[in-house]
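The sequence and the coordinates are shown below.

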Amino acid sequence: MSSVRQPDGVVRILGILTMIAGAVFLIAGGVTWGAVSSNLKAEKITVSPDAAHFGGAAVDTPWEAFSQADIIKHHSLKATGGQTYAEVSSQAKALGDKLTADGVSAADQAANPDLAKLNGLKQVVMTGSFLRASLFTSVVAFGVAALVMGIGVVFGLVGYAITRSQKKDAAAVA
């Protein structure tokens, strides 16, 4: 026969504190998820109808935010013929430097249609990059919130297991 000993007071308190920490993490993660979702919803962003997924849906989940960021990238690259901000910016700088070297005044450079087109494309790609970065930040925030909730669940389970643990002492049967 064996005897069963309940966890001592310190171990039991540790288990309870671990469960409380788990609850705090779970609640904090849920509140963060809700805050990010409601703030995105307040921006009244909708996924572009030509997006691969969620077209026309309000952006308030990580999947919709990712889908909208993806279609923004597609639109930006389409506008520039597949060139990134760095490439368009380099072309605009090179043309500006060439015009300056040729003695073209700043006022005349501003009127140059090729330079104006490159600067316009640069603005389109830069805005697209900023929008994508903002949407990806929300995707990361959703991920952190989910991670914190997951940690909360694990802490809760570990705390529960600690409070329920029993140490069996081998006892000889007389």
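## Helix packing and burial

Helices α1 and α5 run roughly antiparallel to each other, because an angle over 145 degrees counts as such and their packing angle is about 160°. The model discussed here is a predicted one. The axes of α1 and α5 lie 7 Å apart, and the two helices cross in a left-handed sense. Sorted by type, the residues that form the contact of α1 with α5 comprise 22 nonpolar, 12 polar and two charged.

A second pairing involves α3 (residues 85-101) and α5 (residues 113-164), which pack at about 155° with 9 Å between their axes. That angle makes α3 roughly antiparallel to α5. The crossing of α3 over α5 is left-handed. On the α3 side, the contact is built from Tyr-85, Val-88, Ser-89, Gln-91, Ala-92, Leu-95, Gly-96 and Leu-99. The α5 side contributes Asp-114, Leu-115, Leu-118, Asn-119, Leu-121, Lys-122, Val-125 and Met-126. Of the residues in the contact of α3 with α5, 10 are nonpolar, four polar and two charged.

The two pairings are set out together in the table.

| Helix pair | Angle | Axis distance |
|---|---|---|
| α1 and α5 | about 160° | 7 Å |
| α3 and α5 | about 155° | 9 Å |

### Helix α1

Helix α1 covers residues 9-42. Its 34 residues should span 50 Å at 1.5 Å a residue, and the C-alpha atoms at its ends are 49 Å apart, which agrees. Buried residues in α1 are Gly-15, Thr-18, Gly-22, Gly-29, Val-36, Ser-37 and Leu-40. The cover over these buried residues of α1 includes α2 and α5. Just beyond α1, Lys-44 adopts a positive phi of about 55°.

### Helix α2

Helix α2 spans residues 62-79. The buried residues of α2 are Pro-62, Glu-64, Ala-65, Ser-67, Gln-68, Ala-69, Ile-71, Ile-72 and Ser-76. These buried residues pack against α1 and α5. Just after α2, Gly-81 has a positive phi of about 70°.

Ser-67 lies in α2 and has a relative accessibility of 8%, so it counts as buried, the cut-off being under 20%. Setting aside residues up to four places away in sequence, Ser-67 touches Val-47, Ala-51, His-53 and Phe-54. The C-alpha atom of Ser-67 is separated by 19 Å from that of Gly-82, a residue 15 residues apart from Ser-67 along the chain.

Gln-68 also belongs to α2. With a relative accessible area of 10%, Gln-68 is buried. Leaving out its neighbours within four places in sequence, Gln-68 is in contact with Ile-45, Thr-46, Val-47, Ser-48, Val-59 and Leu-135.

Notes. Residues numbered from 1 in each chain as written. Predicted model: local features only at pLDDT ≥ 70, side-chain atom pairs only at ≥ 80, totals over all residues. Heavy atoms only, no water. Axes fitted to C-alpha atoms, helices over the stretch in contact; angles between N-to-C directions. Helix = DSSP H or I, 4+ residues; strand = E, 2+ residues; numbered from the N terminus. Parallel < 35°, antiparallel > 145°, perpendicular 65-115°, else oblique. Left-handed = near helix turned anticlockwise from the far one by under 90°. Contact = heavy atoms within 4.5 Å. Nonpolar A, V, L, I, M, F, W, Y, C, P; charged D, E, K, R; others polar. Buried < 20%, exposed > 50% of the residue type's maximum accessible area, 1.4 Å probe, protein only. Expected span 1.5 Å × (residues − 1).
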